[in-house]
Amino acid sequence: MYWWNRFVEFDRKPIDTQLLGGFVLEFSERLTLLSLLDDERFELNGYTVIRNSDVRRWRPVEEGSFRIRALNLKGVKPVRRRGLSLASWPDLLKSANNLFPLITISREMIDKNACQIGRIL
């Protein structure tokens with residue numbers, strides 16, 4: 001199935017009790033790159049990569065749903081970032097470090113309320 005530009009919700013319980021929603025930009029056997037949606041403002045809010053093994057269930061959001069209609073009315077469309085490698089975590093971190101001035105790493109299984117922000121050395 002062709003997923004580029006599709007809005008998908010991911011269930012990652014027990015890691016996250018809330019559904020994670022975003023546009024699927026790219027995926028590999030182990031990782032998926034999303035353009036995240038800020039549900040309160042209906043704006044895209046950066047990129048995130050999740051481990052496919054953490055996903056319990058996922059579903060594409062129906063085109064006629066309120067969320068999709070609102071995004072269409074606002075003209076919200078994801079921007080694909082070329083050059084990110086999803087081959088492995090080390091490749092992803094290296095390529096993201098080359099593309100972005102700052103990277104946020106959340107280790108949700110260790111501490112859901114903490115993250116590290118900066119550059120990879």
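Phe42 occupies the loop between β3 and β4 (43-51) in this predicted model. Its phi is near 55°, a positive value in a residue other than glycine. Phe42 counts as buried because its relative accessibility is 17%, under the 20% limit. Most residues other than glycine have a negative phi, and most peptide bonds are trans.

**Backbone features**
- A cis peptide bond links Lys13 to Pro14, with omega near 5°.
- Pro14 belongs to the loop between β1 (7-11) and β2.

**Fold and dimensions**
- The chain is built from two helices and seven strands.
- Along the sequence, these elements follow the pattern β-β-β-β-β-α-α-β-β.
- The chain is as compact as a globular protein of its length, because its radius of gyration of 14 Å is close to the 14 Å that the globule rule gives for 121 residues.
- Taken along the principal axes, the box filled by the C-alpha atoms is roughly 45 × 30 × 30 Å.
- Of contacts between residues at least 6 apart in sequence, 42% join residues at least 24 apart.

- In soluble globular proteins, nonpolar side chains tend to be buried together.
- The largest nonpolar core comprises 19 residues, of which Phe7, Leu33, Val49, Leu71, Leu84 and Leu86 touch the most other members.
- Two or more residues of this core come from each of β2 (20-27), β3 (31-38), α1 (66-74) and α2 (89-99).
- Another core, of eight residues, lies apart from the largest one and has Val24, Leu34, Ile50 and Val55 among its members.
- Beyond its neighbours within four places in sequence, Phe7 contacts Gly21, Gly22, Phe23, Leu37, Arg59, Pro60, Val61, Arg67, Ile68 and Leu71.

**Surface and charge**
- Buried residues account for 36% of the 121 in the chain.

**Asn98**
- Asn98 itself counts as exposed because its relative accessibility is 62%, over the 50% limit.
- Arg80 is 18 residues away from Asn98 along the chain, and the C-alpha atoms of the two are separated by 16 Å.

Notes
Residues numbered from 1 in each chain as written. Predicted model: local features only at pLDDT ≥ 70, side-chain atom pairs only at ≥ 80, totals over all residues. Heavy atoms only, no water. Helix = DSSP H or I, 4+ residues; strand = E, 2+ residues; numbered from the N terminus. Rg over C-alpha atoms; globule rule 2.2 N^0.38 Å. Buried < 20%, exposed > 50% of the residue type's maximum accessible area, 1.4 Å probe, protein only. Contact = heavy atoms within 4.5 Å. Core = buried A, V, L, I, M, F, W, Y, C linked by side-chain atoms within 4.5 Å.
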